[in-house]
Protein chains: 2
Amino acid sequence: MSMQIGIGFLGAGTVGGTLIRRLIFESDAIVAKTGLQLVVEGIAVRDVRKARGFDLPPELLTDRPQRVVDNPNVQIVVEVMGGLDPAGPLVRRALESGKAVVTANKELMAAMGSELLGAAESAGVSLLFEAAVGGGIPIIRPLSESLAGERISSVLGIVNGTTNYILTEMVENGASYEDVLAEAQQLGYAEADPTADVGGADAASKAAILASLAFGMWVDGDQVPREGIDGIEAVDFHYAKQLGYTPKLLAIAEDAPEGIAVRVHPTLVPLDHPLASVRGATNAVYVSGPSIGELLFTGPGAGGEPTATALLGDLITSARERLARTQVSSRIRFGRGRLMNPADMTTKGFLRMTVVDRPGVLARIAAVFGKHQVSIKSVWQEGRADEATLLIVTHESREGDLQATAADLGRLDVVSEVGTVLRVHSDEP
Amino acid sequence: MSMQIGIGFLGAGTVGGTLIRRLIFESDAIVAKTGLQLVVEGIAVRDVRKARGFDLPPELLTDRPQRVVDNPNVQIVVEVMGGLDPAGPLVRRALESGKAVVTANKELMAAMGSELLGAAESAGVSLLFEAAVGGGIPIIRPLSESLAGERISSVLGIVNGTTNYILTEMVENGASYEDVLAEAQQLGYAEADPTADVGGADAASKAAILASLAFGMWVDGDQVPREGIDGIEAVDFHYAKQLGYTPKLLAIAEDAPEGIAVRVHPTLVPLDHPLASVRGATNAVYVSGPSIGELLFTGPGAGGEPTATALLGDLITSARERLARTQVSSRIRFGRGRLMNPADMTTKGFLRMTVVDRPGVLARIAAVFGKHQVSIKSVWQEGRADEATLLIVTHESREGDLQATAADLGRLDVVSEVGTVLRVHSDEP
């Protein structure tokens, strides 16, 4: 005996197309495993005549997404069109008319998640988004359900496969950012316009979602300060490795005494940290808390198949809830909290500079750090001819003080170059 | 505004006591994060006068567990007494009287899970058991919900912290099994009677639960063939390392052409496999499937705090469902399937033997492998005086054929010793 549920799609690109194909061609396996017959009732696409990898039943296709949302046979809407508009209004309309929604749209959830989850709760339906962060890695459900009773201290995530691929290639092959990006674009690992990935916006959306679930306080994506990998130089990685670090673009959400600190930036992690060995397009989320200690979730962060699996899991949960005539998965509670000011967040810093190699220079440089209350943890110097490369790792410092230090250093006549300030994550003091 | 739910405890040992303490002393934080007031209404213990780490309100204590189950103020029962009897009948009674149950009892779930989940479904209440496998690692929910739509190929788990601690110490310090076990007992990492851990029974219960959820077919714990680490010799690890392997006690559940293959045994894994670097008491579960590729979940596999966190997550889910007047989490569907016969399961084997070092010996040994259709992948020999140590790694072979080969080898006059047959896991052919 199986129960039938009507599914409508908004979008049929790589991820949507993969899921539609599985619902149609693997229907028997899904029924056998879950008892659910998930019937595709409508598919909204931009161009109904566009050729796809497989034939979509033409009678299901429409270029008017509202038709899918309003179709009385559709009980669950799968939103995989991406972007904020028209995805946002369509999702809201679906929820308000009593349909459950499953989405992979991190940008939408980061921008309108609080509002949309509220609309879902008012309508008594569920809005699930496991696919929005970490692709095929189950992380939304573990954070919002399994760890609902934990006072999470921090969540660190490698949540963008494109940038992790680029950083891995740069570190392992010593190639330049530009060369690796061009290669990644040829291989399809990076989009033609890679801005959202390399600039950190994609990771910032995911950081906002992870922070919201971990700390029970809604964080909008645009509140997350982000720095991408587009300004990064391979020479820094060479030196970082000598000091025992490797670079990762981390989404960081921490419970600090002065509030919740959320940010995205290239971060040097110690080579023996579990996140250091996450290579290529793989994603990982590292959760710490006083009771659970450390949890690490690793897996494929993107791609049609893994993301479709995450959507399908949500679809099955949503269908089960539908049949039980209730919704529980959206019952996430968001309280009030304080989001820290970017300049007040603290971090260890890594500064590389080129300096004149003569007596007294280090004292003048150290004085700049002292002026800004930035305490030096270690210094490493490599001389060549009359110049030297100087690397300084600081103790935990205010972000604003680190930046002010770097700016002041650039004004010293004995310093000919100051590299990008890189942050260092380590559990050591 | 918060909703109140009455909780009853069966057991107040390390895990139960930790959770009770958190429900009492961290009640405000739980209300703030979830909106739920989880009120302890009764606690069944063996000895009401026993001193504990903190004062339990004496009016809540009883040595008659049925009182907790029958208490009309108790809506959710937390079973942390362990074992099958009286835990099984008590859980069944609680479910039948319409109470939800949250349990950490892997032995009970492996033995009676199918029956108890059926009782929960009939009564329209939930039975949750995230804490039964992997301690604080969320794995039950990901497998049964997030991956509900995946055709999982295999689940490999390091699911017993005691044995992983012992194996790690043996490998890293070259110590003997007996010495490390004694040390682990002193440190509290192994129990006074370590049989269930070192003999593989604990891992077998968890393997049964993982297999049931991954393949949607109920597997009883006693159907799982298991071999522990109690017969293991440090010398094998020394040689295994030379060939690029490290030993792990793996719970393995695989979808094979002839059925589902579930087993627990010491297994050599390649040093570059993600499970190879899981050290000490840490647990890990590695899930593979055609769409999701590989997922790895790592974290603390035991201990009062992590396990209490898993129970609390289930308690919150269960309370949310209770308030929504439904149960969905137990709606796991178990179909029919075939469990493979232990002798027919296939694996690569590692055999160490001491042989007479003279011409013609290898040919005689190779003939024994050939007779049993076991194909040799690699041979490594180290001579000393007139004896030699011979290591042979086989290609994928039937378990029964490997054991028959080892038995026959032991009967050859040129072989003076045959070590334990170790299985090798590797993704290479």
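In chain B, six strands form an open sheet of 6 strands in the order β3-β2-β1-β4-β5-β6, with parallel pairing. Strands here are DSSP runs of E with at least two residues, helices are runs of H or I with at least four, and both are numbered from the N terminus. Two strands pair if DSSP finds at least two bridges between them. β3 (61–62) and β6 (127–128) of chain B stand at the edges with a single partner strand each, so one side of each has no neighbour in the sheet. Helix α12 (residues 304–323) of chain B packs on this sheet and touches β1, β2, β4 (76–79), β5 (100–103) and β6 of chain B. The direction of α12(B) makes about 110° with that of β2(B); axes are lines fitted to C-alpha atoms, for helices over the stretch in contact, and angles run from 0 to 180 degrees between N-to-C directions.

This is a predicted model, in which local features need pLDDT of at least 70 and side-chain atom pairs count only at pLDDT 80 or more, while totals for chains, interfaces and linings use all residues. Residues are numbered from 1 along each chain as its sequence is written, chains are lettered from A and ligands numbered from 1 in the order in which they are written, and side-chain values use heavy atoms, without hydrogens and water.

At the interface, 49 residues of chain A are in contact (heavy atoms within 4.5 Å) with 49 residues of chain B. The two chains bury about 4100 Å² between them, 53% of it on carbon and sulfur atoms; buried area is the accessible area (1.4 Å probe) lost on putting the two parts together, summed over both.

The interface of chain A and chain B has 4 salt bridges, a salt bridge being a side-chain nitrogen of Lys or Arg within 4 Å of a carboxyl oxygen of Asp or Glu. Glu150(A) and Arg22(B) meet in a salt bridge at 3.5 Å, N to O. On the side of chain A that touches chain B, α2 (27–34), α6 (140–146), β11 (293–300) and α12 (304–323) each supply at least two residues. The largest share, 9 residues, comes from α12(A).

Over all chains the structure holds 50 salt bridges. Within chain A, Arg352(A) and Asp236(A) meet in a salt bridge at 2.4 Å, N to O. Arg352(A) lies in strand β12 (residues 346–356) and Asp236(A) in helix α11 (residues 234–242), 116 residues apart.
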